[in-house]
Amino acid sequence: MAFSQSFLDEIKARNSLEEVIGRFVPLKRAGSNLVGLCPFHSERTPSFTVFPATESYYCFGCGAGGDVITFVMQTENLAYPEAVEFLAKRAGIPLEE
């Protein structure tokens with residue numbers, strides 16, 4: 001299933017990365033970014049960073065990174081189309097035909 005770029009942009013705009021990640025990881029402000037413990041590997045010192053300006057995240061410990069769709073794919077164990085559907089439903093956006 002192919003999604004138009006405008007549809008994907010709308011999904012990303014309506015699903016704040018900070019809010020979606022905040023459901024899984026307690027985040028603390030560190031300058032203009034947010035940091036927390038990585039949900040993908042075990043750690044004691046926060047290396048998981050959320051970059052609100054670019055709506056992306058990166059873990060300096062395990063190398064996991066991406067956008068809101070990638071994060072949902074990894075945490076919910078979903079394929080790309082299923083992650084897009086999950087976020088569309090969460091934001092109340094009807095799926096494209």
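In the predicted model, the side chains of Glu18 and Arg29 meet in a salt bridge, with an N to O distance of 3.9 Å. The pair links distant parts of the chain. Glu18 lies in helix H2 (residues 17-22) and Arg29 in strand E1 (residues 28-30), 11 residues apart. Glu18 counts as partly exposed, at 34% relative accessibility. Arg29 has a relative accessibility of 53% and therefore counts as exposed. The cut-off for that class is over 50%.

The count of salt bridges comes to four. Another of them joins Asp67 and Lys12, whose closest N and O atoms are 3.0 Å apart. This pair, too, links distant parts of the chain. Asp67 sits in the loop between E5 and helix H3 (68-76), whereas Lys12 belongs to helix H1; 55 residues separate them. Asp67 has a relative accessibility of 19%, so this residue counts as buried. The limit for that class is under 20%. Lys12 is partly exposed, with a relative accessible area of 29%.

A further salt bridge is found between the side chains of Arg14 and Glu10, at 2.7 Å from N to O. Both residues lie in helix H1 (residues 5-14). Because Arg14 and Glu10 are four residues apart in this helix, about one helical turn separates them. Arg14 counts as partly exposed at 46% relative accessibility. Glu10 also counts as partly exposed, at 32%.

Strand pairing was examined next. Strand E3 (residues 48-51) pairs with E4 in the antiparallel sense, over four bridges. Within this pairing, Val50 has Tyr57 of E4 as its bridge partner. The two strands form a hairpin with four residues between them. In the turn, Glu55 has a positive phi of about 50°.

E4 also pairs with strand E5 (residues 65-66). The sense is again antiparallel, and there are two bridges. Here the bridge partner of Tyr58 is Gly65 in E5. The hairpin of E4 and E5 has five residues between the strands. Gly63 in this hairpin takes a positive phi near 85°.

The side chains of E4 (residues 56-59) alternate along the strand. Tyr57 and Cys59 point to one face and are buried.

Eight aromatic pairs are found in a search of the whole structure. One of them is formed by Tyr58 and Phe60. Their ring centres lie 4.8 Å apart, and the planes are at 75° to each other. The geometry is edge-to-face, because the angle is over 60 degrees. Phe60 counts as exposed, at 57% relative accessibility. Tyr57 belongs to a cluster linked by ring pairs, together with Phe24, Phe40, Phe48 and Phe71.

Notes
Residues are numbered from 1 along each chain as its sequence is written. This is a predicted model: local features need pLDDT of at least 70, side-chain atom pairs count only at pLDDT 80 or more; totals for chains, interfaces and linings use all residues. Side-chain values use heavy atoms; hydrogens and water are left out. Buried means under 20% relative accessible area, exposed over 50%, partly exposed in between (1.4 Å probe, protein chains only). Two strands pair if DSSP finds at least two bridges between them. Rings of Phe, Tyr and Trp (its six-membered ring) pair if their centres lie within 6.5 Å; planes under 30 degrees apart count as stacked, over 60 as edge-to-face and the rest as tilted.
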